Amino acid sequence: MKKQDLPLTSKEKEILQAMEDLSQASPEQLKHLKDDEEATRSCRDIADLTIAMLTEKNPFGIDTDKELAKFHENRHNSYKKKATRILAIGLSGIAAAIIFFLILRPTTQIVHPPLPESVYSFRKDNSEQRVTLQVSDKKKKALLTLNEVSRELPPSVVKATSPKEIDYFNRTRTDSDKTIQIHKLSIPRGEIFKVTLSDGTEAILNADSRLTYPTAFTGKERVVSLEGEAYFKVAKDSARPFVVKSGNMQVRVLGTEFNVRSYSPEETDVTLISGKVLVSDSDETQTAEIRPEQRARLTANHQFDIKEVDIEPLLYWKEGFFYFDDITLADMMEEIGRWYNIDIEFRNRDIMSLRMHFSAERRKKLTKLVELLNRTGRIHCHLEPDKLIIE
């Protein structure tokens with residue numbers, strides 16, 4: 001049957017003409033058809049079924065008249081018959097039908113909510129990741145790798161005992177000794193490192209941490225500065241307190257074991273393992289004494305918040321483990337991002353406050369860690385180049 005033999009209305013003929021040669025349709029004609037509700041419905045019927053057929057590529061020779069009738073069985077019969085007649089002729093111009101449908105579709109028909117904005121909770125550090133030792137005095141300031149330590153510094157000052165440890169013990173100098181220097185040891189992301197200070201105090205530094213200290217302690221106090229996290233096992237010296245300055249706090253001890261975490265100046269925690277510790281703000285206007293298995297944190301109003309804690313999980317990091325117990329997903333992923341030095345992107349803001357219980361070996365490949373995270377069933381995450389996506 002030819003197109004001119006079908007009982008089409010003038011409106012249907014106008015629709016077909018526009019569909020079959022959209023390039024020839026004038027803006028006035030399209031606007032006229034868009035304003036006609038019957039024309040718009042008929043064209044929508046054609047386009048809805050056509051798009052579905054294109055998706056499936058009609059592999060089984062679908063009877064389009066029959067399927068269209070089923071598709072619109074709940075619509076008014078007059079619209080169904082008109083659309084069927086138009087479809088019988090219009091399939092030769094499928095592409096035009098789809099475009100025409102998109103032009104005529106009212107903009108208010110479907111309103112999609114805006115996608116939530118992605119949130120980066122942690123950013124990759126693009127600088128070279130290596131252990132460095134900065135040596136500074138009045139004469140020089142150099143950045144050294146540990147392989148250069150033995151060459152550049154006398155063994156009487158420091159010994160590189162292994163790729164992950166240096167030792168200053170029993171290398172004490174007098175006040176007048178010109179070899180005393182200030183060293184700054186920087187640990188990259190993805191590494192932990194041990195340093196033994198000149199008095200025998202041991203410090204294990206977590207990833208992305210920096211410890212500043214003298215090559216020999218002189219005077220009435222043994223003072224070091226920390227950025228990041230470190231576990232201290234302080235050698236006893238009743239005459240000279242050991243002082244750690246970190247963030248907005250400082251810790252004063254005679255000899256004990258404790259952990260300091262300060263990846264930002266406003267968030268500094270001190271957790272005591274054994275002995276006794278006096279904590280204070282940087283101005284020493286507020287002080288507090290904490291006991292073993294207690295954690296102290298300086299609040300925004302410069303008061304100390306002291307809580308009883310389970311110390312073992314807090315120290316698993318130095319044994320090579322991630323351990324998160326009732327921690328927000330945002331905080332947990334920040335720790336993971338710091339270790340693997342990777343961007344952390346949340347595609348769903350709502351799950352950032354989800355509290356998690358999770359543990360894993362730090363030495364696992366990131367792909368394995370992602371697999372373990374997905375096994376929890378509480379989140380879905382996947383890797384992109386230099387980025388971990390959480391949804």
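These legends describe close-up views of a predicted model. In this predicted model, local features need pLDDT of at least 70 and side-chain atom pairs count only at pLDDT 80 or more, while totals for chains, interfaces and linings use all residues. Residues are numbered from 1 along each chain as its sequence is written, and side-chain values use heavy atoms, with hydrogens and water left out.

**View 1. The largest nonpolar core and Phe232.**
A nonpolar core is a set of buried Ala, Val, Leu, Ile, Met, Phe, Trp, Tyr and Cys residues joined through side-chain atoms within 4.5 Å. Buried means under 20% relative accessible area, exposed over 50%, and partly exposed in between (1.4 Å probe, protein chains only). In soluble globular proteins, nonpolar side chains tend to be buried together. The largest core here has 42 residues. Val195, Tyr213, Phe232 and Phe258 touch the most other members. Strand 10 (residues 222-233) supplies the largest share of this core, four residues. Strands (E, at least two residues) and helices (H or I, at least four) are DSSP runs, numbered from the N terminus. Contact means heavy atoms within 4.5 Å. Setting aside neighbours within four places in sequence, Phe232 contacts Glu202, Ala203, Leu211, Val224, Leu226, Phe242, Val244, Thr256, Glu257, Phe258 and Val260. Another core, of 36 residues, lies apart from the largest one. Its members include Ile192, Tyr231, Ile336 and Val370.

**View 2. Val224 in strand 10.**
Val224 is buried, at 1% relative accessibility. Its C-alpha atom is separated by 8.1 Å from that of Phe242, 18 residues apart along the chain. Beyond neighbours within four places in sequence, Val224 is in contact with Leu197, Leu211, Thr212, Tyr213, Phe217, Phe232, Phe242, Val243, Val244 and Lys245.

**View 3. Aromatic pairs, with Phe217 and Phe242 among them.**
A pair of aromatic rings is described by the distance of the centres and the angle of the planes. Rings of Phe, Tyr and Trp (its six-membered ring) pair if their centres lie within 6.5 Å; planes under 30 degrees apart count as stacked, over 60 as edge-to-face and the rest as tilted. The count comes to seven aromatic pairs. Phe217 and Phe242 have ring centres 6.2 Å apart and planes at 75°, so this pair is edge-to-face. Phe217 sits in the loop between strand 9 (209-214) and strand 10, and Phe242 in strand 11 (residues 242-246), so the pair ties together parts that are 25 residues apart in sequence. Phe217 is buried at 4% relative accessible area. Phe242 is buried at 0%. Phe322 and Phe324 have ring centres 5.9 Å apart and planes at 20°, so that pair is stacked. Both Phe322 and Phe324 are buried. One aromatic cluster is formed by Phe217, Phe232, Phe242 and Phe258.

**View 4. Arg362 in the loop between strand 21 (355-361) and helix 10 (366-375).**
Arg362 counts as buried, at 3% relative accessibility. A polar contact is a pair of N or O atoms within 3.5 Å; within protein, one must be able to donate a hydrogen and the other to accept it, and residues adjacent in sequence count only if both atoms are side-chain atoms. The side chains of Arg362 and Asn206 make such a contact at 3.0 Å. The Arg362 side chain also reaches the backbone oxygen of Trp317, at 3.4 Å. Not counting residues up to four places away in sequence, Arg362 touches Ile192, Asn206, Trp317, Gly320, Phe321, Phe322, Glu335, Trp339 and Tyr340.

**View 5. Two arginines over tyrosine rings.**
A charge sits over a ring if NZ of Lys or CZ of Arg is within 6 Å of the ring centre and within 35 degrees of the ring normal. Arg123 lies over the face of Tyr120, 3.7 Å from the ring centre. Arg338 lies over the face of Tyr263, 3.6 Å from the ring centre.

**View 6. Strand 17 (residues 294-298) and its partner strands.**
Four of the five residues of strand 17 are buried, so this strand is largely enclosed by the rest of the structure. Two strands pair if DSSP finds at least two bridges between them. Strand 14 (residues 267-274) runs antiparallel to strand 17, joined by three bridges. Asp269 stands opposite Arg297. Strand 18 (residues 304-308) is also antiparallel to strand 17, with five bridges. Leu298 has Phe304 as its bridge partner in strand 18. The hairpin of strands 17 and 18 has five residues between the strands, and His302 there takes a positive phi near 60°.

**View 7. Thr271 in strand 14.**
Thr271 is buried, with 6% relative accessible area. Leaving out neighbours within four places in sequence, Thr271 is in contact with Phe258, Asn259, Gln294, Arg295, Val309, Ile311 and Leu314.
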